[in-house]
Amino acid sequence: MREKTLQLVISFSSTAHAMAVEKYCLEHDLPGRLIPVPKEVTAGCGLAWKAALSEKEILLEAFEKENITYDGVYEVLLR
Amino acid sequence: MYFDNAATTRTKPQCVIDAVCDAMTSMGNASRGAHGSALSASRVVYHTRAKLAEMFHCKRPDHVILTMNATESLNIAIRGTIAPGSHVITTDMEHNSVLRPLYLLEKEKDVTLSFVRADKGGNVKPEQFEELITPQTKAIVCTHASNLTGNVVDIEAVGAICKKHGLLFIVDASQTTGVLPIDMEKMNIDILCFTGHKGLMGPQGTGGMCIREGVEVEVFKCGGSGVHSYDKEQPRDYPTRLEAGTLNGHGIAGLYAALNYIEEVGISAIEQKENSLAMRFYEGIRHIDGIRIYSDMKAKQHTGVVALNIRDYDSAMVADALSEDYDMATRAGAHCAPLMHQALGTTEQGAVRFSFSWFNTEEEVDAAIAAIRELAEE
């Protein structure tokens, strides 16, 4: 199995929320991408936003500012 | 020549056709996985919600529910919000997609109905709604424009009455989306129901409803959602609450292209063109002997619909002659609007409906005028 590192995973309760985050991040040049929810994360939606752990602050600040809905924030060992 | 755009716009922008074809060769199932094909579908679906929310001033894209058509949206809205024993106000101008769900509630849930009566010109006035309000009144369900005459209801004034009396306001915008400006906030609309294949110029099998924040619409079908899969109940979050099963992703891709097309052209340009075609037709036929026109063409706002009859001729016969002898598509008969025909006194004769679209031309209108003149002289 490939080597894993600790990464940031943000979960959502609906696909619409996940897609809203992707749209916002792409439009504002923010890092990350959508992935299938890893088993360590409890989430309603099968999509999660993955980014480097170092990007946590910048992402959460932007979400807060824009009133973007998300479910939970996790640090998960992922490849 | 196609003059039945109030039924469906037959000519679609080429970008709509291309988008559907592209989607059918590339799109997976929206909200079902994180691979590229599924995500491309999820993106199109979400971007469509966002575009519709922007167009109708709905604050939340996730409160834009995608359905098959306006009829489905109206059924979901009416059956999902109106409690047993409530009193509901509606109008003579409604299509059966409003009337029949309400009649069913009347039969099954002891809901009582009051109708704002249309005058002989086929119009209703906002103050008539207020006169019908009782302590039991819970909602007003109202069309934005008649599918038979194109007459427009002053939705902003009716919305203000709903706000004043704390009533739920459900609007059927089947005939006006993409043609007249709609602002849910300004018009105080709680649930806006629309179809994708008429003024929005998208494919058939697309439609939707925009739900104001805080308005609860109950689940009407359950099933796969791609989210919360271990829950026994349908998830409560919008849009999932009302969207069990695979969406019409290919059609929605076409609708998205149509919305972009409309944005580029501008709704006011569309409104202006359809109005000018309808006015040209009206001016061309109004003085012909034996013509009776039912549309209120002198109103401040109007859609591109002109309903008429020639003498006492059966409307079906006139529409058939237009089709057979002139290759012109119009709609005769009842138009699923029984109370409006009663108000206009046309239940027996029906009416011949011409409805123009963005893609009709002045030359076509002139040909239609000539055809009506010939038929009236027969």
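Let's start with a pair of helices in chain B. Helix α1 (residues 14–26) packs against helix α7 (residues 249–265) at an angle of about 150°, and their axes are 8 Å apart. The model here is a predicted one. Angles over 145 degrees count as roughly antiparallel, so α1(B) and α7(B) are roughly antiparallel to each other. Their crossing is right-handed.

Who does the touching? From α1(B) come B:Cys15, B:Val16, B:Ala19, B:Val20, B:Ala23 and B:Met24. From α7(B) the contact takes B:Gly249, B:His250, B:Gly251, B:Ala253, B:Gly254, B:Tyr256, B:Ala257, B:Ala258 and B:Tyr261. Sort the residues of this contact by class and you get eleven nonpolar, four polar and no charged.

## Helices α2 and α7

Helix α7(B) has another partner to look at: helix α2 (residues 36–56) of chain B packs with α7(B) at about 40°, with the axes 9 Å apart. That angle makes α2(B) and α7(B) oblique to each other. The crossing of this pair is left-handed.

On the α2(B) side, the contact uses B:Ala41, B:Val44, B:Val45, B:His47, B:Thr48, B:Lys51, B:Leu52 and B:Met55. On the α7(B) side you'll find B:Gly249, B:Ile252, B:Ala253, B:Leu255, B:Tyr256 and B:Leu259. By class, this contact of α2(B) with α7(B) splits into ten nonpolar, three polar and one charged.

Some names turn up in both lists. B:Gly249, B:Ala253 and B:Tyr256 of α7(B) take part in the contact with α1(B), and B:Gly249, B:Ala253 and B:Tyr256 also take part in the contact with α2(B).

## Helices α3 and α4

Now for another pair in chain B. The axes of helix α3 (residues 70–81) and helix α4 (residues 96–109) come within 9 Å and cross at roughly 30°. Angles under 35 degrees count as roughly parallel, and α3(B) and α4(B) are therefore roughly parallel to each other. This crossing is right-handed.

From α3(B), the residues B:Ala70, B:Thr71, B:Leu74, B:Asn75, B:Ile78 and B:Arg79 meet B:Ser97, B:Val98, B:Pro101, B:Leu102 and B:Leu105 in α4(B). The class count for this contact of α3(B) with α4(B) is seven nonpolar, three polar and one charged.

## Chain B as a whole

Time to zoom out. In secondary structure, chain B has eleven helices and ten strands. Its C-alpha trace spans about 70 × 55 × 30 Å along the principal axes. How does the radius of gyration of chain B fit that of a compact globule? For 378 residues, a compact globule would come out near 21 Å, and chain B has 21 Å, which agrees.

## Two domains

Chain B is divided into domain 1, covering 14–265, and domain 2, covering 267–377. The C-alpha centres of these two domains of chain B lie 28 Å apart. Their contact takes 27 residues from domain 1 and 24 residues from domain 2. On the domain 1 side of chain B that touches domain 2, there are eleven nonpolar, 13 polar and three charged residues.

## Meeting chain A

Chain B also touches chain A. How many residues are in contact here? There are 18 residues of chain B in contact with 15 residues of chain A. The side of chain B that touches chain A divides into eight nonpolar, six polar and four charged residues.

Technical notes
Residues numbered from 1 in each chain as written. Chains lettered and ligands numbered in written order. Predicted model: local features only at pLDDT ≥ 70, side-chain atom pairs only at ≥ 80, totals over all residues. Axes fitted to C-alpha atoms, helices over the stretch in contact; angles between N-to-C directions. Helix = DSSP H or I, 4+ residues; strand = E, 2+ residues; numbered from the N terminus. Parallel < 35°, antiparallel > 145°, perpendicular 65-115°, else oblique. Left-handed = near helix turned anticlockwise from the far one by under 90°. Contact = placed C-beta atoms within 7 Å. Nonpolar A, V, L, I, M, F, W, Y, C, P; charged D, E, K, R; others polar. Domains from an automatic or database assignment. Rg over C-alpha atoms; globule rule 2.2 N^0.38 Å.
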